[in-house]
Amino acid sequence: MEQNGHAVSTASVETLADIWRHLESMLGPFLAVREWAEEAIQAAQQRHQESGQGPIWRAFPLVRPTLRRLHTSERLYRAHAAEVLDRVAEGKDTQPATAAEMICVLMESSLPAPLNSAAAYLYMRLFAQVFPEDFRQLVASPTELDAYESVHGSEADEYESDLQRKLTQAWRRPKV
């Protein structure tokens with residue numbers, strides 16, 4: 001085979017194809033996250049009626065995934081990005097953990113062993129906050145959580161505060 005006046009062997013073409021496939025498999029998730037980020041920024045600009053290159057548009061670096069699960073779950077990533085971008089638009093602190101980040105940690109923590117009741121309640125509460133439609137489909141009545149709140153609410157609040165503190169991202173600040 002000849003290309004641009006140079007002889008190219010079939011072996012080198014196959015090798016290049018293999019390299020390209022390998023690069024695509026490595027970069028694919030990063031390219032997907034970039035696309036999700038751009039769409040989340042556009043949606044936030046619409047929600048907050050921002051046009052042009054305002055604070056939300058400049059917040060792209062703030063929505064980078066902080067946990068492995070945010071790289072692989074589009075829904076969790078989008079919830080994370082939306083929360084960070086809403087904080088930017090409202091002038092709130094962007095450094096504390098998002099609900100999606102806390103869900104990721106609770107999800108990973110629940111894999112090797114069951115969560116205690118207060119942590120499980122926090123997980124449910126965050127899930128209801130981030131995915132309200134899904135939560136309504138899973139739970140017959142939102143008032144079912146009232147009993148958990150009365151028994152485990154204050155401990156779940158402490159867990160949430162601890163998670164927010166431990167997952168705080170000092171770098172996640174808008175540039176002025």
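In the predicted model, helices H5 and H7 are roughly perpendicular to each other. The angle between H5, which spans residues 117–130, and H7 is about 90°, and this value falls in the range of 65 to 115 degrees that counts as roughly perpendicular. The axes of H5 and H7 lie 7 Å apart. On the H5 side, the contact is formed by Ser117, Ala118, Ala119, Tyr121, Leu122, Met124, Arg125 and Leu126. These residues meet Leu145, Tyr148, Glu149, His152, Gly153, Glu155, Ala156, Asp157, Tyr159, Glu160 and Leu163 in H7. Sorted by class, the contact of H5 with H7 comprises 11 nonpolar, 3 polar and 5 charged residues.

Helix H7 (residues 145–166) also packs against helix H4 (residues 99–110). Here the angle is about 105°, and the axes are 10 Å apart. H4 and H7 are therefore roughly perpendicular to each other. From H4, the residues involved are Met102, Val105 and Leu106, which meet Glu160, Leu163 and Gln164 in H7. The contact of H4 with H7 contains 4 nonpolar residues, 1 polar residue and 1 charged residue. Glu160 and Leu163 of H7 take part in the contact with H4 and likewise in the contact with H5.

Read from the N terminus, the order of elements is β-β-α-α-α-α-α-α-α. The protein chain has 176 residues, of which 33% are buried. For contacts between residues at least 6 apart in sequence, 66% join residues at least 24 apart.

Gln49 is not a glycine, yet its phi is positive, at about 50°. The relative accessible area of Gln49 is 73%, and Gln49 is therefore classed as exposed, the cut-off for this class being over 50%.

The volume of the largest pocket is about 230 Å³. Its lining consists of 15 residues. Those nearest the centre of the largest pocket are Arg58, Leu62, Arg173, Pro174 and Lys175. By class, the lining of the largest pocket divides into 7 nonpolar, 2 polar and 6 charged residues.

Key
Residues are numbered from 1 along each chain as its sequence is written. This is a predicted model: local features need pLDDT of at least 70, side-chain atom pairs count only at pLDDT 80 or more; totals for chains, interfaces and linings use all residues. Side-chain values use heavy atoms; hydrogens and water are left out. Axes are lines fitted to C-alpha atoms, for helices over the stretch in contact, and angles run from 0 to 180 degrees between N-to-C directions. Helices (H or I, at least four residues) and strands (E, at least two) are DSSP runs, numbered from the N terminus. Angles under 35 degrees count as roughly parallel, over 145 as roughly antiparallel, 65 to 115 as roughly perpendicular and the rest as oblique. Contact means heavy atoms within 4.5 Å. Ala, Val, Leu, Ile, Met, Phe, Trp, Tyr, Cys and Pro count as nonpolar, Asp, Glu, Lys and Arg as charged, and the others, Gly among them, as polar. On a 1 Å grid over the protein atoms alone, a cavity is a set of points where a 1.4 Å probe fits but cannot get out, and a pocket is an open set with protein on both sides within 12 Å along at least five of seven lines; lining residues have an atom within 4 Å of a point. Grid points are joined across faces, edges and corners, and a volume is the space filled by probe spheres set on the points. Buried means under 20% relative accessible area, exposed over 50%, partly exposed in between (1.4 Å probe, protein chains only).
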